[in-house]
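Here is a short report on selected local features. It covers a loop residue, a sheet and a charged side chain.

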Amino acid sequence: NGLVKSTEWPRPKPALNVSNGLSELSGLAFDSKRNALFGISDETASLVRITYPAMKSDYFVVDKISTLDTEAILVAPDGKIWIMDVGDNDGVRKSGVVYAFDPDKISNGHVSAESYFEIIYPNGRKPNIEASFIYGGWLFLIEKTNYRPAELFAVSLSSIRARSLAKSGGF
């Protein structure tokens, strides 16, 4: 039937401790251009980059941002990494913020965010967005819920107007 009993699964030793130094590994994104996996820590601007095939990890902080509840990370169509500060466990946020940085500019454990855009939810909603993905020209945001159906929100990539952080001290 194609199923494998759990007792039959191999038990390999971890090749790499990806969460060392991160309070909670909240989101992952694979960057095929750079052959690297990026992971973000919940509620912080701390990230890990794991490069393949060397399986080398390095930890870095994104400067110029102020996060509340980072829940996802994406590789944008332009190759920048988007930090999705869109979570809302307390149900009080009317919007989320997405920060962008260039992963080729990571140096000495730091990289500066270059731009950001705000996502304002429809009809005064305050969803707790926990995951996201890009497909067919759209940014999709997936809500985490308890005891009710989750909603899927969509933002056209062509409608996004990012604001630069280059000349400011940050967000």
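Leaving aside its neighbours within four places in sequence, which residues is alanine 162 in contact with?

## Alanine 162

The model is predicted. With close sequence neighbours, within four places, left aside, alanine 162 is in contact with Ser115, Tyr116 and Phe117. Alanine 162 sits in a loop, between strand S12 (152-156) and strand S13 (163-164).

Glutamate 118 is 44 residues away from alanine 162 in sequence, and the C-alpha to C-alpha separation is 8.2 Å. The relative accessible area of alanine 162 is 48%, so alanine 162 counts as partly exposed; the cut-off for exposed is over 50%.

## The open sheet

An open sheet is formed by 5 strands. Their order is S1-S2-S3-S4-S8, with mixed pairing. Strand S1 (25-31) and strand S8 (110-112) are the edges. Each has a single partner strand, so one side of each lacks a neighbour in the sheet. On average, neighbouring strands are turned by 30 degrees against each other, direction ignored.

S1 pairs with strand S2 (residues 36-41) in the antiparallel sense, over 6 bridges. Leucine 28 stands opposite glycine 39 in S2.

## Glutamate 71

Glutamate 71 is in the loop that runs between strand S4 (56-63) and strand S5 (72-75). Is glutamate 71 buried or exposed? Glutamate 71 is buried, yet has no salt bridge. Lysine 144 is the nearest side chain of opposite charge, 6.2 Å away; a salt bridge needs a separation within 4 Å.

Beyond its neighbours within four places in sequence, glutamate 71 has several contacts, among them Ser26, Gly27, Asp42 and Glu130.

Terms used:
Residues are numbered from 1 along each chain as its sequence is written. This is a predicted model: local features need pLDDT of at least 70, side-chain atom pairs count only at pLDDT 80 or more; totals for chains, interfaces and linings use all residues. Side-chain values use heavy atoms; hydrogens and water are left out. Helices (H or I, at least four residues) and strands (E, at least two) are DSSP runs, numbered from the N terminus. Buried means under 20% relative accessible area, exposed over 50%, partly exposed in between (1.4 Å probe, protein chains only). Lys and Arg count as positive and Asp and Glu as negative; His and the chain ends are not counted. Contact means heavy atoms within 4.5 Å. Two strands pair if DSSP finds at least two bridges between them. Axes are lines fitted to C-alpha atoms, for helices over the stretch in contact, and angles run from 0 to 180 degrees between N-to-C directions.
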